[in-house]
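Student: Hi! Could you walk me through this model in plain words? I'd like to start with one residue and then look at bigger pieces.

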Amino acid sequence: MKKGIIIAGLILFVLIATGWSQEAKEKKNPMCIIQTSMGNIEVELFQNDAPKTVANFIGLAEGTKEFTDEKTGKKIKKPFYDGLIFHRVIKGFMLQAGCPQGNGRGGPGYSFADEINAVALGLDKLKAIDPKKGPHPFLMVRSKEDYHRMLVTPLFQSLGITSQEELDKRKEEVAARLKSLTLKEAYEHMGYSYSDKGSPHPPVRGSLAMANSGPNTNGSQFFINLADTNWLTGKHTVFGKVIKGMDIVDKIGAVKVDTGHKPVEDVKIISIRPKVSK
């Protein structure tokens, strides 16, 4: 009887200890205030889901992370985002910032990988091609050229098919692969890489996500969603969300812009700093 009680007690202790250990690994998400010329936006950053992305954002914001000054070419440390503008605003879609040039072409002089969990986002369950409806809407295939560039050619490369002769021999295999192809696989063929430790958050209204020019090209630019943008799922690391100040986000999202979606009157980031608990 005593032996059974002791064993049960040990099991309970192990379970509790494991729970504590797991809980200890989860860090409390940091909060930041994005102070803009139109008001403050309070955001929560998903430190446990996108640690490298959050560390990069905070490091640049606070001035603790080194970057290359585009004017001098020298590596420096200073609050990167202070004084930058929202250089791209599309009503009903998103607002983008983080470019030192103010035109979407600038960055910190380096790039880093995406942190995305495609399985948690369900991309492994979505077929890239529907036999009746064609390519999945997320792929945004608008022509035969798009179809071959985004689906067929990357598939050939993944299968090692480099000639028409080889394609003729493996036509049935190619057809079967296209039929079973998931969005996750299609994106991976395009160069995206995923991890079960990456961000499981979809790009919904109020999300903070990294802007990029393709797979693993993150730097300093980010955007805030004005609406759900499901077609961007799996292509951008979602690393935070707006907690307070969505009215300011909407206000910025409604400003007058030119033909390149740049606000006619600058909307500036004054600073991005950690929220100080009272």
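Student: Okay, is His261 buried, partly exposed or exposed?

Tutor: His261 counts as partly exposed, at 32% relative accessibility. Buried means under 20% relative accessible area, exposed over 50%, and partly exposed lies in between, using a 1.4 Å probe and protein chains only. Keep in mind that this is a predicted model, where local features need pLDDT of at least 70, side-chain atom pairs count only at pLDDT 80 or more, and totals for chains, interfaces and linings use all residues. Residues are numbered from 1 along each chain as its sequence is written, and side-chain values use heavy atoms, with hydrogens and water left out.

Student: Where is His261, then?

Tutor: His261 is in the loop between α7 and β12. Those labels come from DSSP runs numbered from the N terminus: helices are H or I with at least four residues, and strands are E with at least two. His261 has a positive phi of about 70° although it is not a glycine.

Student: Why do you bring up glycine?

Tutor: Most residues other than glycine have a negative phi. Asn216 is another non-glycine with a positive phi, about 55°. Asn216 lies in the loop between β9 and β10 and is partly exposed, with a relative accessible area of 24%.

Student: New topic: the sheet. What order do the strands come in?

Tutor: Eight strands form an open sheet in the order β5-β6-β10-β9-β11-β2-β1-β12, and the pairing is antiparallel. Two strands pair if DSSP finds at least two bridges between them. β5 (86-90) and β12 stand at the edges with a single partner strand each, so one side of each has no neighbour in the sheet. From one strand to the next, the twist averages 25°.

Student: How many bridges join β1 to β2?

Tutor: Six bridges join β1 to β2, which run antiparallel. A hairpin joins β1 to β2 through two residues, and Cys32 has Val43 in β2 as its bridge partner. On to β11: four bridges join β2 to β11, also in an antiparallel run.

Student: Is β2 enclosed or open?

Tutor: β2 is largely enclosed by the rest of the structure, because five of its seven residues are buried. Glu42 is in strand β2, and Glu42 is buried with a relative accessible area of 10%.

Student: What does Glu42 touch?

Tutor: Not counting residues up to four places away in sequence, Glu42 touches Met31, Cys32, Ile33, Lys241, Val242, Ile243, Lys244 and Lys275. Contact here means heavy atoms within 4.5 Å. Lys244 is also the bridge partner of Glu42 in β11.

Student: And β9 with β11, how many bridges there?

Tutor: β9 and β11 pair in the antiparallel sense over three bridges. Ala209 stands opposite Val238 in β11. Helix α2 packs on this sheet, touching β2, β9, β10, β11 and β12, and the direction of α2 makes about 120° with that of β12. Helix α7 (residues 246-253) packs on the sheet too, touching β1 (31-36), β2, β5, β6 (94-97), β10 and β11, and its direction makes about 120° with that of β2. Axes are lines fitted to C-alpha atoms, for helices over the stretch in contact, and angles run from 0 to 180 degrees between N-to-C directions.

Student: Tell me about α2. Which of its residues are buried?

Tutor: In α2, the buried residues are Thr53, Val54, Asn56, Phe57, Ile58, Gly59, Leu60 and Ala61. What covers them includes β3 (67-68) and β9 (207-210). Just after α2, Gly63 takes a positive phi of about 90°.

Student: What span should α2 have?

Tutor: At 1.5 Å a residue, the twelve residues of α2 (residues 51-62) should span 16 Å, and the end C-alpha atoms are 16 Å apart, which agrees. The expected span is 1.5 Å times one less than the number of residues.

Student: Last one: at what angle do α3 and α5 pack?

Tutor: Helix α3 (residues 144-159) and helix α5 (residues 171-180) pack at about 120°, with their axes 11 Å apart. That makes α3 oblique to α5: under 35 degrees counts as roughly parallel, over 145 as roughly antiparallel, 65 to 115 as roughly perpendicular, and the rest as oblique. Tyr147, Leu155, Phe156 and Leu159 in α3 meet Glu173, Val174, Arg177 and Leu178 in α5.
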